[in-house]
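Here is a short briefing on one protein model. Look at the structure first, then read the points by topic.

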Amino acid sequence: MKILAIESSCDETAAAVVEDGRKIISNIIATQVEEHKLYGGVVPEIASRRHCESIVGVVDEALKSADMELGDVDAVAVTYAPGLIGALLVGVNFAKSLAFASGKPLIPVHHIKGHIAANYIAHAELEPPYICLVASGGHSQIMRVESYTKFSTIGRTMDDAAGEAFDKAARAMGFPYPGGLHIDKAAKNGDPKKYRLPRPHTAGPYDFSFSGLKTNVINLVHNAQQKGEELDINSLAASFQYTVADILTSKFVSAANEYGYKTAALAGGVAANSGLRSLLEERCAANGIKLYIPPVALCGDNAAMIGSQAYYEYTEAGITADMSLNAEATKPLV
Ligand code: KG4
Ligand code: ZN
């Protein structure tokens, strides 16, 4: 089954053709990041306008590079939630038009389920059940993936998502948006033990809280500026990155052990972080847990992951939408 998938929840306009949930036939991404960088973050109205301008070309390109026409695909899939409402609406309405015009089924996909499914593209042998750590710009969660379409939550962030903390700490350190990647690069030349940062307490053992940690970094930078002191930014980046990776991985591995999982996956934009990847690999290996991580190219927002999850939504759960499908800015995974 070949699915044409569309993703426009934030600042990438993306379209892909994916076969049977596992094989990428084409995968096109038009990023707006350079423009949002000027403002230090995503400007929703600009994002919507750029999606409107790009979507025809991006979908065209996805079909062209798959050597296909709309009539050759078996279904149209789209991210309908969560995300920036004006951005999501562009993808949703475009997908609805394509499905209506071609008479193909329309499959709505939750963005975070798509991030998790990026692992199916990269790892042919991965099948549920497994435990998944989701770390993106808007989400930090420990999920039980019971089947391809059935999920339950073990823990979640009480305040900021990991990616949000990365971006805000990075801004304080003087890096451009999106800062996660810059912290990752700077951390390679820093000492992760130089700055002692707080590890926040949470009521639930598997919940996260990153807001205090983020504020701590911001205060540290501001205090140093006021006193005219020089900070070792590489080491601050390394210390921050290690602290976030330590919190995420220690809770995740404890949850895997408590719930008896021997198979695990990582997903979301922050899964691209080299410190998080290596610490999680190390700790999973030490606990006899087989870990799957998507290649960096599939960690950020893309439509291939949406096409993968759509295949399972349709074949396992029989999910389709009609022309009343609407976008939703917030929607929990379960
Ligand atoms: O999943 P994603 O592309 O968008 C959402 O669904 O939210 O995640 C974007 C987040 C941003 O906060 C970005 O800074 C972060 O992922 N990110 C990273 C890295 N690459 C992207 N954070 C840390 N290290 C990276 N290498
Ligand atoms: Zn995302």
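**A lysine in a helix**

Lys 214 sits in helix α7 (residues 211–227). Helices here are DSSP runs of H or I with at least four residues, strands are runs of E with at least two, and both are numbered from the N terminus. This is a predicted model, in which local features need pLDDT of at least 70, side-chain atom pairs count only at pLDDT 80 or more, and totals for chains, interfaces and linings use all residues. Residues are numbered from 1 along each chain as its sequence is written, chains are lettered from A and ligands numbered from 1 in the order in which they are written, and side-chain values use heavy atoms, with hydrogens and water left out.

- Is Lys 214 buried or exposed? Lys 214 is buried, with a relative accessible area of 12%.
- Buried means under 20% relative accessible area, exposed means over 50%, and partly exposed is in between (1.4 Å probe, protein chains only).
- Lys 214 touches Asp 160, Ala 165 and Lys 168, leaving aside residues up to four places away in sequence. Contact means heavy atoms within 4.5 Å.

**The whole protein**

- The protein has ten helices and ten strands.
- Its radius of gyration is 20 Å, close to the 20 Å that the globule rule gives for 334 residues, so the protein is as compact as a globular protein of that length. The radius is taken over C-alpha atoms, and the rule is 2.2 Å times the number of residues to the power 0.38.
- Along the principal axes, the C-alpha atoms fill a box of roughly 65 × 45 × 30 Å.
- Buried residues make up 53% of the 334 residues.
- Take the contacts between residues at least 6 apart in sequence: 75% of them join residues at least 24 apart.
- The protein exposes about 13,700 Å², and carbon and sulfur atoms supply 51% of that area. Accessible areas come from the Shrake-Rupley method with a 1.4 Å probe; for residues, only the protein chains shown count as cover.

**Helix α5 and its cover**

- Which residues of helix α5 (residues 162–172) are buried? They are Ala 162, Gly 163, Ala 165, Phe 166, Ala 169, Ala 170 and Ala 172.
- The cover over these buried residues includes β6 (130–135), β7 (140–145), α6 (180–187), α7 and α8 (233–259).
- The axes of α5 and α8 come within 11 Å and cross at roughly 170°. Axes are lines fitted to C-alpha atoms, for helices over the stretch in contact, and angles run from 0 to 180 degrees between N-to-C directions.
- α5 and α8 are therefore roughly antiparallel to each other. Angles under 35 degrees count as roughly parallel, over 145 as roughly antiparallel, 65 to 115 as roughly perpendicular and the rest as oblique.
- Ala 162, Ala 165, Phe 166 and Ala 169 in α5 meet Phe 240, Gln 241, Val 244 and Leu 248 in α8.
- This contact of α5 with α8 has seven nonpolar, one polar and no charged residues. Ala, Val, Leu, Ile, Met, Phe, Trp, Tyr, Cys and Pro count as nonpolar, Asp, Glu, Lys and Arg as charged, and the others, Gly among them, as polar.
- Gly 174 follows α5, and its phi is positive, near 95°.

**Helices α4 and α10**

- The axes of α4 (residues 111–122) and α10 (residues 304–315) come within 7 Å and cross at roughly 95°.
- That makes α4 roughly perpendicular to α10.
- The residues of this contact divide into eight nonpolar, five polar and two charged.

**Backbone exceptions**

- Most residues other than glycine have a negative phi, and most peptide bonds are trans.
- The bond from Pro 128 to Pro 129 is cis, with omega near 5°. Pro 129 lies in the loop between α4 and β6.
- Tyr 177 and Pro 178 are also joined by a cis peptide bond, with omega about -10°. Pro 178 is in the loop between α5 and α6.
- Asp 20 has a positive phi, near 50°. Asp 20 is in the loop between β2 (12–19) and β3 (23–31), and is partly exposed at 33% relative accessible area.
- Asp 67 has a positive phi, near 60°. Asp 67 is in the loop between α2 (44–65) and β4 (75–81), and is exposed at 71%.

**A buried histidine**

- His 36 lies in helix α1 (residues 33–37).
- His 36 is buried, with a relative accessible area of 0%.
- Beyond residues up to four places away in sequence, the residues that His 36 touches include Asp 11, Ile 46 and Tyr 177.
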